[in-house]
Amino acid sequence: MNTVKGKQTSARSKWLNLLSALRRDQSLYLLALPGILFFLVFKYIPMWGIIIAFQDYSPFRGIQGSEWVGLQHFTELFANPDFALLFRNTLAISLLNLILFFPFPILISLGLNELRSVAYKRLIQTIIYMPHFLSWVIIAGLTLLLFAKGTGLINELFTLWGWPRVDILTNPDSFWVMVTLQAMWKEAGWGTIVFLAAMASVDTQLYEAARMDGAGRLRQIWHITLPAIRSVIIVLLILRLGDIMEVGFEQIFLMYNGAVSEVAEVFDTYVYRTGIEQGDFSYSTAVGLFKSVIGLVLVVVANRVVKRMGQEGVY
Amino acid sequence: MHRLKWSERVGQSLNAVVLGLLAVVMFFPLYYVFVVSFTDPGEYLQKKIVLFPEHWSVEAYTYLLSTPAFARSLGNSAFLATVGTVCSLAVSSSLAYALSQKRFQFRKILMFLIVLTILFSPGIIPNYLLVRELGLINNIWALILPALANGWTVLLMKNFFDSLPAEISEAASIDGCSAIRTWYTIVLPLSMPALAAFGLFFAVGYWNQFFAALLYLNDSAKWPIQVLLQNMLLNASNIDLVAPGQQMETPPTEMLKMAAIIVAILPVLIVYPFIQKHFAKGALIGSVKG
């Protein structure tokens, strides 16, 4: 055994300890190896690839050989009139989500929690969880089959009743609300899981006591159920605030059409169009990086706020 | 049980009705598509709106499944979902189990690096360039390898393994069992319900994968079902959907679309009831404490 004296020997003994630990638990490290390699290659190499945002990247010369241009792509982005539009659309869709979508699962959970019949509750849960498992392609397809101006069910019904046909999918005025409702249809049921779990942990004696004191159902909801899920609501709300630059990319991409491009182009779809379709790798990487950095800052700030409020943070 | 007041009964019935209506709204699109896809093509063309068909028919399905493109893309997706899920579970759970062991030397720094990948993503283009540099364009593995694991799943799995009694692993290692063997023969069988939940999420993820396929696969023979669906449903192209020989009359496009939707959600519908009791637990592991 080493006697630890002075810095050098302690550093050396640390190394020796590490080596012997590595040898002793070889199989443990071997077990972790594929996962570590995965994160290195598919998560960390792309992070290094970000530097092409500061270059004029040419696929033929590679990252090493391409010319450095500093912040040119970023100044280009901020000067571009598209930028204001992208920002507006992303924010508008996010805020609509916050106002319409966010409270919805909470309301559904409150309702489900009040149901007396367990079988009925199960049935409803089974149905409303379902859309979560459908792909955006299928949901976009369903939307089209129901709402298309030509052959959609809604418009066929309207014609049957003698009403004029309505145009929902290629109408810039309704696009934001439509994608919000679509997202609610897909995810609101699934969103109830976490609230229902929080409600299930409430001590039933609290309800008994409240009833003794003459509190009706609404008062019990207000004074017992809602406070019980308050911390979950706060954490999810602030996480949502931190995610404000994220709008469902596949959803927007699939619902995008020429008629609504003014209101439907968000950062991610713009990156796809300028990068993959037009091959402007450096510029589109810069756009993506701008979005990711804002997102990271928002998450970190949001987490601080949660912790400052005495709640458990996300990390 | 105490007796309900009249006002409370009204409130409760109202609540039950509103929730029932919500479930109907969520269920109706699927019901409608299901029913129309099984309607007799003639009846559909004549009525345009069918809620309760008089004549049933599987013509749309027989046509659809006889087209090589559709059958092939179903096969591609089945490959993705099975092979991808098995590989994902193996890579994620082995890393998560190793990280849950206290004697793992670098666990703190590794956990930090994994959390970082959740908080910050480099964006579409660097990922695309990496896949291209690896020579995976037009290769089905381009849809599996980059999706093998993700920070959230590894974190949740690690939380789950943390909740297993540490004595199990200790006893095994005292008996001379290597970590790999402990993981494979003891820990994994014990974790079946959790693995089922994570497996469902991975499988649905692979089955629904659309964007990666759009990015990386140009060759339509390699397309998974979602990309074919996008072309059918949204781009209104039926170029690939020609039955060989053309002895059959083509059913109306709308009906083909609806049948395609039903076929594409069928696997999800089949596994759903089996795993339903597990997935709520799976979705909650680590998110709500207590």
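**Exercise 1. State the confidence of chain A in this predicted model.**
Start with the term: pLDDT is the predictor's confidence in each residue, from 0 to 100. Chain A has a mean pLDDT of 89, and 96% of its residues reach 70 or more. Next, go to its elements. Helices here are DSSP runs (H or I, at least four residues), numbered from the N terminus.

The model is predicted: local features need pLDDT of at least 70, side-chain atom pairs count only at pLDDT 80 or more, and totals for chains, interfaces and linings use all residues. Residues are numbered from 1 along each chain, chains are lettered from A, and side-chain values use heavy atoms without hydrogens or water.

**Exercise 2. Classify the ring pair B:Phe38 and B:Tyr61.**
Rings of Phe, Tyr and Trp (its six-membered ring) pair if their centres lie within 6.5 Å; planes under 30 degrees apart count as stacked, over 60 as edge-to-face, the rest as tilted. The structure holds 37 aromatic pairs over all chains. For B:Phe38 and B:Tyr61 the centres are 4.6 Å apart and the planes at 25 degrees, so the pair is stacked. B:Phe38 lies in the loop between α1 (6–37) and α2 (41–47) of chain B, and B:Tyr61 in helix α3 (residues 59–66) of chain B, so the pair ties together parts 23 residues apart in sequence.

**Exercise 3. Find the charge over A:Tyr256.**
The cut-offs: NZ of Lys or CZ of Arg within 6 Å of the ring centre and within 35 degrees of the ring normal. The charged end of A:Arg273 sits over A:Tyr256, 3.9 Å from the ring centre.

Technical notes: Helices (H or I, at least four residues) and strands (E, at least two) are DSSP runs, numbered from the N terminus.
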